[in-house]
Amino acid sequence: MKEKTEKLLPLIIFAISGGYYWALSSKIFTWLYTSGDAGDWLVLSNWWHVPHQWGKPLIVLYIRFISLFPGDDVIKLTVALAVIPGAIITALVFVIAKRVTGKTTLGLVASAVLLGATIFTTQATVLEQYIFTAMFLTFAFYFQIRGQRKMTMLFLGLTTATHIVGLPITFLWIVCTYKEWREWAKVIPIYIVSGILPYSLILGMMANPDIPKLVSGGLSWQSLNGYLGNTASGVNLALVEAPRRLSQLIPIYLITLGLALVPLFKGLSKLDKLGRISIAVMAFIVWFYMTNLFPSVWKWSSLWLPIAAVWVAIGLTKLPNWHTIVIGIGAIALIITNGFVMNTDKLAHEDPQATEYLSALYELPENSCVVIPRGGQYGFTLFYAMSEGQSIIPLAQGNPFTGMGKSTLTLKDDETGYDQSYADYLAWVNREYGIEGEDMYEIVQYALDNGYNVYYGQPMTELWETVFKVAPEDKDKPYLLKVESINHNPDFSKWIKTE
Amino acid sequence: MNIETIKQKKYPIIYILLAIGITVSYLPAREAMIPQTAWLWVVKSPITLNFVVLFFLYGVACDKMTKGMTKKKSWLVWGVGLLILILLFSVVGGMSTIFD
């Protein structure tokens with residue numbers, strides 16, 4: 001009887017954690033935890049579309065598959081990308097921890113630690129990609145422990161096909177076991193097939209002129225450079241910002257791992273091969289968070305938290321039994337606290353910014369033109385409204401840092417350049433909607449001259465106020481301000497190539 | 001409490017301190033996690049945190065590699081390491097020009 005129950009434990013853990021994540025998950029479209037990319041994933045429910053960098057081909061295919069099923073897009077994708085993978089990982093952590101420690105209790109404690117991990121809970125209850133990627137990485141870790149190299153490589157490949165972070169992680173994984181490079185070399189083709197080749201889907205979609213050129217352009221070296229090269233937010237945090245970032249990082253990790261920090265450090269105090277791999281994965285992601293201009297990169301830690309939970313169990317084997325009780329109680333306390341204080345569904349309903357914006361888009365007159373960046377929470381939401389059939393013409397806005405249209409990413413003062421990706425967008429918007437122009441000024445001017453209703457899509461900033469003159473009655477609106485005219489700002493104009 | 005007592009009660013003390021830390025941190029951490037708008041911390045500075053991280057790693061790596069080497073070889077390793085470091089900074093510096 002006991003044996004039978006033990007065999008069922010992973011399923012029971014899957015059911016409990018799945019129920020927990022489902023209960024807390026947002027049932028409405030939300031941008032909580034800076035999940036503004038949700039709109040980008042939702043577009044894929046309706047269209048083949050190149051999502052933001054660097055494509056994530058497996059997620060594209062997965063969402064296209066999920067879209068075959070009936071139901072609300074937000075709920076379907078939240079369950080498929082976050083809730084179910086979250087529950088699978090929690091059960092898998094139990095299996096791994098039990099295997100490495102030989103103790104069912106420690107397996108249960110490891111699962112509880114993960115279930116109480118606040119970062120993980122946020123990502124398992126919102127429409128985001130990180131838990132889906134973490135699932136493949138946790139499987140890779142599982143097969144590494146089992147010594148199944150081919151399967152490890154397969155799952156590292158699948159991690160890479162869902163998020164490019166899999167590439168440096170795989171590199172570090174192999175470096176940490178460099179003495180086995182001959183064995184790794186033999187299975188590298190599995191990685192190439194499962195992790196690298198899927199990216200040809202992204203290239204294929206870029207090459208297809210019928211796929212909207214909203215986020216990426218067509219297929220060319222210049223366009224790829226614009227699409228893939230836009231990664232300057234990573235690794236650039238100024239040294240003077242380090243204390244402030246640290247003061248954010250420490251509380252977030254404290255409420256994520258809680259008391260389990262003690263056995264985690266104990267577990268990692270003596271490093272074997274598995275320990276080196278684990279430390280490398282954790283250190284890489286923590287470093288990326290510490291040095292990123294985006295303060296919201298804490299959520300990437302969802303990738304290593306399952307591995308950390310296993311090390312908590314390993315650490316507990318080196319400590320007296322009373323520690324297990326303390327860590328278990330601490331984890332349960334966090335599970336309960338998060339259940340009340342980090343209830344994503346409740347938080348989303350209390351401040352429904354995303355659904356309000358989506359509703360405002362649906363209320364626009366037919367064939368309205370909306371000036372919008374080629375991404376970000378407002379841009380992606382607008383693309384989703386378009387994919388749902390709302391008649392909106394997107395007038396893509398150049399990034400203030402990258403110029404207003406035909407420019408490269410690193411223009412300064414008297415330099416000029418050419419953004420092929422934007423040129424591809426201009427050609428697409430012309431084909432689809434007949435909008436003419438060579439840069440943002442010209443397409444907006446064309447829309448105004450031809451009697452379209454033109455709106456500024458997102459909250460107005462001081463920078464863009466110098467460019468767009470909005471209707472006085474709209475000045476206090478949070479977004480979708482009616483544009484009356486567009487002015488050439490000389491500070492921007494000098495960045496634009498004139499032919 | 002003397003040193004021996006503290007050593008004996010090390011873990012209970014750590015757990016109590018951690019529990020206090022978690023309680024005090026919970027709401028500030030929550031506030032840092034729940035925003036709906038993405039934004040960047042952009043401070044124009046040539047000295048990035050990575051500058052320090054890379055310099056530290058360079059020192060540790062070269063120190064480890066040059067143990068037992070002759071002075072001449074040791075200078076060579078530190079020199080090549082410095083070149084690699086300059087190369088890395090060029091890449092990072094190139095990327096950061098976007099925010100100039």
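Q: Which residues are linked in a network of salt bridges?
A: In this predicted model, the network links A:Arg149, A:Glu180 and A:Lys273. The search of the whole structure finds 10 salt bridges over all chains.

Q: Why is the contact of A:Lys98 with A:Glu6 called a salt bridge?
A: The closest N and O atoms of A:Lys98 and A:Glu6 are 3.3 Å apart. A salt bridge needs a side-chain nitrogen of Lys or Arg within 4 Å of a carboxyl oxygen of Asp or Glu, so the pair qualifies. A:Lys98 lies in helix H4 (residues 73–101) of chain A and A:Glu6 in helix H1 (residues 2–24) of chain A, so the bridge ties together parts that are 92 residues apart in sequence.

Q: What makes A:Lys98 and A:Glu6 partly exposed?
A: The relative accessibility is 27% for A:Lys98 and 22% for A:Glu6. Buried means under 20% and exposed means over 50%, with partly exposed in between. Both values fall in between, so both residues count as partly exposed.

Q: How do you know that A:Lys299 forms a salt bridge with A:Glu128?
A: The closest N and O atoms of this pair are 3.6 Å apart, and the cut-off is 4 Å. The pair therefore meets the definition. A:Lys299 lies in the loop between H15 and helix H16 (305–317) of chain A, and A:Glu128 in the loop between helix H6 (118–124) and helix H7 (130–146) of chain A, so parts that are 171 residues apart in sequence are tied together. Both A:Lys299 and A:Glu128 are buried.

Q: What makes a nonpolar patch on the surface of B:Ile6, B:Ile13, B:Ile16, B:Leu17, B:Ile20 and B:Val24?
A: A patch takes residues with over 30% relative accessible area and no salt bridge, and joins nonpolar side chains within 5 Å. B:Ile6 has 39% relative accessibility and counts as partly exposed, so B:Ile6 passes the cut-off for area. Together the six named residues, B:Ile6, B:Ile13, B:Ile16, B:Leu17, B:Ile20 and B:Val24, have about 550 Å² of accessible area. Helix H2 (residues 10–33) of chain B gives the largest share, 5 residues, while B:Ile6 lies in helix H1 (residues 3–8) of chain B.

Q: How do you know what class of residues lines the second largest pocket?
A: The lining has 14 nonpolar, no polar and no charged residues. The pocket has a volume of about 350 Å³. Closest to its centre are A:Leu264, A:Phe265, A:Met282, A:Val286 and A:Trp304. H13(A) supplies the largest share of the lining, 5 residues.

Q: What makes the lining of the largest cavity part nonpolar and part polar?
A: Its residues divide into 9 nonpolar, 4 polar and no charged. Among the residues nearest the centre, A:Leu257 and A:Ala260 are of kinds that count as nonpolar, whereas A:Gly330 counts as polar, because Gly is placed in that class. The largest cavity holds about 60 Å³ of space, and H17(A) supplies the largest share of its lining, 4 residues.

Terms used
Residues numbered from 1 in each chain as written. Chains lettered and ligands numbered in written order. Predicted model: local features only at pLDDT ≥ 70, side-chain atom pairs only at ≥ 80, totals over all residues. Heavy atoms only, no water. 1 Å grid on protein atoms, 1.4 Å probe; cavity = no way out; pocket = protein on both sides within 12 Å on 5 of 7 lines; lining within 4 Å. Points joined across faces, edges and corners; volume = space filled by probe spheres on them. Helix = DSSP H or I, 4+ residues; strand = E, 2+ residues; numbered from the N terminus. Patch = residues over 30% accessible without salt bridge, like charges linked within 9 Å, V, L, I, M, F, W, Y side chains within 5 Å. Areas by Shrake-Rupley, 256 points an atom, 1.4 Å probe, with all protein chains shown as cover. Buried < 20%, exposed > 50% of the residue type's maximum accessible area, 1.4 Å probe, protein only.
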